[in-house]
Structure formats: structure tokens, C-alpha cells
Amino acid sequence: CLSNLPPNAKKISNSYEERRKQATAIVLLGVIGAEFGAEIEPPKGSGRARTGGQVPEGFGPTSGGSTNYSLARHTCKALTFLLLQPPSPKLPAHSTIRRTAIDLIGRGFTVWEPYMDVSAVLMGLLELCADAEKQLANITMGLPLNPPADSARSARHALSLIATARPPAFITTIAREVHRHNAAQANSQSQQNVHTTTLARAKTEILRVIDILIEKMPGDVVDLLVEVMDIIMYCIEGSLVKKKGLQECFPAVCKFYMVGYCDRSYRIAVGARQGSVALYDVRTGKCQNIHGHKGPITAVSFAPDGRYLATYSNADSHICFWQMNTSLLGSIGMLNSAPQLRCIKTYQVPPVQPASPGSQNHLKLARLIWTSNRNIILMAHDGKEHRFTV
């Protein structure tokens, strides 16, 4: 059918046909990798022993014994290209192939991750769904989505799949971007561009994914609770937390006993897995780390008047009482003065035994309840109480 066309038309037609075949190949390999990539054995005699959770090097036999050809790597590269490539006549912004790539990146993330720039991919997905609420709200229920709204929905779904498949990858990557963004904000030369970045525009979307992780995978979130709080503090304005409190602004994170908020001093305490406590000042956004325990923090709580912070670790069986700095400079936060804490008392407590072996039991072992400004109860999950006075 091309025999009677001029040479230039043949060239264009062949170019289109090549791209169509290439797109089909990418989609087919993407589906194979996303659905079966973790199950397909690596090629025999490849010289690489496969460890327990290792993703195979490729989807099938290599082209030669000594080559390190990997279908996973090349497919990942193609899918990432389709996601991040700027719009052009050959690859429009919300084309079907781009939306397919977004979907396959989300579904097969554990296979693609070793070959992927996770930060670039997450930023690309966040850029697509930064205005998702606006785009999806304008669609009449029951009607097909327009291409931009479909891209936003696909990107949102991919983010959820990535976060729940690999919570540490999502949390640490976003936390790193937040730290980078805060550093740029501190640099006066780049302040004018700060609020137009992808991260700033996608705050609602980031909080939505963090909310999903806390609900579905609290055990993974606890391991990175300080990084999660870094993200939350970035996404929620300090003035809003000061006005409404952390419980109203982001109730999901308050379900952890190792998170405490003081509405008198506007400070948030977060117990870490390493035995340290991160203390955030909501007004300044600054964070101070205190090392007080030899194992993961089980619970933290501020006294009602905000003068004391109690921390408990079931790992080292100690409860510590910290006195907050109540000097004028400390309370106002002048001269970059971080809230100084000093440990004034430490008590040893019999360790609390979990009700049954399980990953989630350590989240609810014990909690701290203040009965007055100087009296506190350490209440174990089985109802046993230990009373202390500061």
C-alpha cells in the first residue's frame, strides 16, 4: 500500500510504524515485568546466585553468556523515559502510552526499583497529580475522564502502589526532598522559586499517601517516624498546627504512643527506633534530637503545663523525665535557641511483655498518661499501672 507514495511519506510512515512497535514492546515487557518479574528465574549459568528477596536480573535468557543484558533495566529505562520526557508532538503530555507507563511503574515498582532514579520518578508522579483534586473535582460523575484527569488519577494510584510496596523507599525519598527544599528555602537567592516547586504544590497528595501508610503499614512507618514527621511538618503550615493542634491537623499520626504534642509550648516530640527523641518547635520549624534511651522509644508525653516531657522505652525498661527550658529566650525562640532539655529523673520499670508475638504488638505496648502537672501513670496494654511523680 506504500508503493505509490512519495519517498518522504514512506519515511514518515516507517518512522511511525517503528515507534508503534516499540511502544507495543515496552508495554508487553512492562506487563510481564510488573506481573511476573519477581517470579521469573534468572538465566542459568549467569554466574550470579540469587539471594532471598533479590529481584532477578532479567526476564529471560541473555543474548550471550558474558553480557549483563537485563530486560528489567531496559524496560525500566523506557517506562521512566515515557513518564519524565517533556511533552512533544511525538509524545503528547497525556497520551495513552504515557498513562500506561505510569500505571506499569506503579504496579511493578519492586522489579524496577534497582534500576530507577526513585526521586525523579516520585517527583514526576507528584507533578502529574499536584492538581488532582481540582482536575478530578471538575469531572461529572459517570462521564469518562479527560486525558489530564486520567493522568492525575493514574499517577495518584501509582504513588499509592509504590508507597505500600516499599514504604521505606517512599518515606526516605520524600524526606530527602523535603530537606533539600528546606535548604533551598534557607538560601535567600532561591526563595522566589520555592513555592512553585513540585513538592510545594503536591503537599496535599503527599499527606494523602502518608495517611494511607499509617493506616495500612504502621509497623513500617514507626521505623521511620522522625522522617515521617519531617514530611508532615513541611506539608502542614506551622501556624495551622499552632491554631488547631496536631490532633486536628493530622490525626492519623497521633495514634502512635511515641508521638506527643504540647499545646502550651507548641512542641512535638517523636520517639525514634534508635532511642532518641526528636523535639520540633512548631513556631520555628526547628528540630532538636535528644539521646536518652538504649532502645526504641515506646511512648512519649508532655505534662499538661508543658514543663516536663516523659519518655519510656520498653527495650531498656526505663522512664525518663526531661525538664523543658522555660527561660525567656527558650520560650520565645530568639537567637535560634533550640529548646534545651535536661534529664532530671530516671526510673527503672519492669519490662512489658507483648500479648502475643506479632509485628504490630510493639506499637501498643504501653502509654503515658499525666494525672496532674507532676504525676504520671505508665499504663501497659494489659492494664497494669506504674505511678511516678516528677
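Reader: At roughly what angle do the axes of α5 and helix α7 cross?
Author: In this predicted model, the axes of α5 and α7 cross at roughly 140° and come within 8 Å. That angle makes α5 oblique to α7.

Reader: Is the crossing of α5 and α7 left-handed or right-handed?
Author: The crossing of these two helices is left-handed.

Reader: Which residues make the contact?
Author: From α5, the contact is made by Leu122, Leu125, Leu126 and Leu128. From α7, the residues are Ser151, Ala152, Ala155, Ala158, Leu159 and Ile162.

Reader: How do the residues of that contact divide into nonpolar, polar and charged?
Author: The contact of α5 with α7 has 9 nonpolar residues and 1 polar residue, with no charged ones.

Reader: Moving on to α11 and α13, how do their axes cross?
Author: Helix α11 spans residues 203-216 and helix α13 spans residues 225-235. Their axes come within 10 Å and cross at roughly 145°. The crossing of α11 and α13 is left-handed.

Reader: Which residues of α11 and α13 make the contact there?
Author: Helix α11 contributes Lys203, Ile206, Leu207 and Ile210. Helix α13 contributes Val228, Ile231, Ile232, Tyr234 and Cys235. By class, this contact has 8 nonpolar residues and 1 charged residue, with no polar ones.

Reader: New topic: what is the order of the strands in the open sheet?
Author: The open sheet has 4 strands in the order β5-β6-β7-β8, and their pairing is antiparallel. Its edge strands are β5 (299-302) and β8 (341-348), each of which pairs on one side only. From one strand to the next, the twist averages 20°.

Reader: Over how many bridges do β7 and β8 pair?
Author: Strand β7, residues 318-324, pairs with β8 over 7 bridges in the antiparallel sense. As one example, Phe321 has Lys345 in β8 as its bridge partner.

Reader: What about the loop between β6 and β7, which residue lies there?
Author: Ser317 lies in that loop, between β6 (308-313) and β7. Its phi is near 55°, a positive value in a residue other than glycine. Most residues other than glycine have a negative phi.

Reader: Where is Tyr266, and what is its phi?
Author: Tyr266 is in the loop between β1 (259-262) and β2 (267-271). Phi of Tyr266 is near 55°, which is also a positive value in a residue other than glycine.

Reader: How do Ser317 and Tyr266 count by relative accessibility?
Author: Ser317 counts as buried because its relative accessibility is 9%, under the 20% cut-off. Tyr266 counts as partly exposed, at 22%.

Reader: Last one: where is Val259, and is it buried or exposed?
Author: Val259 is in strand β1. It is buried, with a relative accessible area of 10%.

Reader: Which residues is Val259 in contact with, leaving aside its neighbours within four places in sequence?
Author: Val259 is then in contact with Leu225, Met229, Leu246, Val253, Ile268, Ala269, Val270 and Val300.

Reader: How far apart are Val259 and Ser301?
Author: They are 42 residues apart in sequence and 7.5 Å apart in space, C-alpha to C-alpha.

Key:
Residues are numbered from 1 along each chain as its sequence is written. This is a predicted model: local features need pLDDT of at least 70, side-chain atom pairs count only at pLDDT 80 or more; totals for chains, interfaces and linings use all residues. Side-chain values use heavy atoms; hydrogens and water are left out. Axes are lines fitted to C-alpha atoms, for helices over the stretch in contact, and angles run from 0 to 180 degrees between N-to-C directions. Angles under 35 degrees count as roughly parallel, over 145 as roughly antiparallel, 65 to 115 as roughly perpendicular and the rest as oblique. A crossing is left-handed if the near helix is turned anticlockwise from the far one by less than a right angle, and right-handed if clockwise. Contact means heavy atoms within 4.5 Å. Ala, Val, Leu, Ile, Met, Phe, Trp, Tyr, Cys and Pro count as nonpolar, Asp, Glu, Lys and Arg as charged, and the others, Gly among them, as polar. Two strands pair if DSSP finds at least two bridges between them. Buried means under 20% relative accessible area, exposed over 50%, partly exposed in between (1.4 Å probe, protein chains only).
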